[in-house]
Amino acid sequence: PRTAAVIPAAGRGVRLGPGAPKALRVLGGTPMLVHAVRAMAASRAVSLVVVVAPPDGAAEVKTLLDAHALPDRTDFLVVPGGETRQESVKLGLDALPPGYDIVLVHDAARPLVPVDTVDAVIEAVRDGAGAVVPALPLADTVKQVEPAAAPGDPEPVVATPDRSLLRAVQTPQGFDRATLVRAHGTVTDDVTDDASMVEQLGVTVVTVPGHEEAFKVTRPLDLVLAEAVLARRRL
Ligand code: C5P
């Protein structure tokens, strides 16, 4: 079955500080989005990349991708995104031509994911999983809190979940296309990833090992780390 990757890249990146939309910030001289597209195209299985651009920036993103070489085997499409990540992914799915039965959803904000991780996700979907997420154990202990009574008040801790059973999940998340489309057509709750929508359908989601370099560039320190990872790769 053919595989396509949808890359939601329509976020503003407010937590990263002022500047261009996050996906267009430069890492090692190249926009983060270009790194993310190349990371998907690095997999020989991926023959189409659908980039979901900021609604007012689709033409700019198209020009950008035309200017950066991708492998000959990989096509790309650019579509305008929505108000939320979930809406943006849905708009990307709506633009997928027939024939792509495996779909990856990959955050533009994870520009450095290694190709072995991408291939492991695809492999697990090929082996029959409806949904696959790359996952890593947590370094930190996690607390569940109650919302503060008033802004600035302390947040009371209510529970400490068993860390050995928790995982931080990354992207690309991989799906049987029909399952992901059904999830996006059914689930309307606010979610932060696509696999959770598939979970709500009652379909089993499985994990494969994630990778440290698939971290999400969210805050200013993440840019420092991303530059360091790129510099190390160039050695
Ligand atoms: O906000 P968060 O870090 O979870 O965003 C993850 C990814 O979703 C980013 O690549 C961002 O560009 C994308 N996104 C989007 N449309 C939105 C909000 C976020 O495509 N409205």
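Student: OK, my notes say a residue is buried if 20 or more other C-beta atoms lie within 10 Å of its own, exposed if 12 or fewer, and partly exposed in between, with C-beta atoms placed from the backbone. So where is L33 found?

Tutor: L33 is found in helix α1. Helices here are DSSP runs of H or I with at least four residues, strands are runs of E with at least two, and both are numbered from the N terminus. Two ground rules: this is a predicted model, so local features need pLDDT of at least 70 and side-chain atom pairs count only at pLDDT 80 or more, while totals for chains, interfaces and linings use all residues. Residues are numbered from 1 along each chain as its sequence is written.

Student: Got it. Is L33 buried or exposed?

Tutor: L33 is buried, because 25 other C-beta atoms lie within 10 Å.

Student: And which residues does L33 touch?

Tutor: Skipping residues up to four places away in sequence, L33 touches A9, A23, L24, V51, V61 and A108. Touching, or being in contact, means that the two backbone-placed C-beta atoms lie within 7 Å. L64 is 31 residues from L33 in sequence, and their C-alpha atoms are 9.3 Å apart.

Student: What about the rest of α1, how many of its residues are buried?

Tutor: Nine of the 10 residues in α1 (residues 32-41) are buried, so the helix is largely enclosed by the rest of the structure. Among them are M32, H35 and M40.

Student: Which residues touch the most other members of the largest nonpolar core?

Tutor: I7, L33, M40 and V51 do, in a core of 59 residues. α1 gives the largest share, eight residues. A nonpolar core here is a set of buried Ala, Val, Leu, Ile, Met, Phe, Trp, Tyr and Cys residues joined through C-beta atoms within 7 Å. In soluble globular proteins, nonpolar side chains tend to be buried together.

Student: And M40, which residues does that one touch?

Tutor: Beyond four places in sequence, the contacts of M40 are A5, I7, V46, V49, L104, H106, V118 and P172. V118 is in helix α4 (residues 115-126), and V118 counts as buried because it has 27 C-beta neighbours inside 10 Å. P172 also turns up among the contacts of V118, along with A39, M40, A42, S43 and V113.

Student: P172 again. Where is P172 found?

Tutor: P172 is in the loop between β10 (167-169) and β11.

Student: Cis or trans, the peptide bond from T171 to P172?

Tutor: That bond is cis, with omega near 10°. Most peptide bonds are trans.

Student: Switching to α2: which of its residues are buried?

Tutor: In α2 (residues 58-67), V61, L64 and L65 are buried. They cover an arc of only 95° around the axis, which puts them on the same side of α2. The arc is that of the directions from the helix axis to the C-beta atoms. On the other side, A59, T63, D66 and A67 are exposed.

Student: What do the buried ones pack against?

Tutor: The buried residues of α2 pack against β3 (30-31), α1, β4 (46-53) and β5 (75-80).

Student: And which residues of α5 are buried?

Tutor: In α5 (residues 177-186), R177, L180, A183 and H184 are buried. Those residues fall within an arc of 130° seen down the axis, so they line one face of the helix. A178, G185 and T186 are exposed on the face turned away from the buried side. Their cover includes α3 (85-94), β6 (100-105), β11 (173-176) and α6 (195-200).

Student: Zooming out, how many helices and strands are there in the chain?

Tutor: Seven helices and 12 strands. Of the 235 residues, 40% count as buried. Among contacts between residues at least 6 apart in sequence, 72% join residues at least 24 apart.

Student: Last one: how many residues surround the ligand?

Tutor: 18 residues surround the ligand, and the closest are P8, A10, G11, S88 and A108. The cut-off is a backbone-placed C-beta atom within 6 Å. This shell divides into seven nonpolar, seven polar and four charged residues.

Note on methods:
Nonpolar A, V, L, I, M, F, W, Y, C, P; charged D, E, K, R; others polar.
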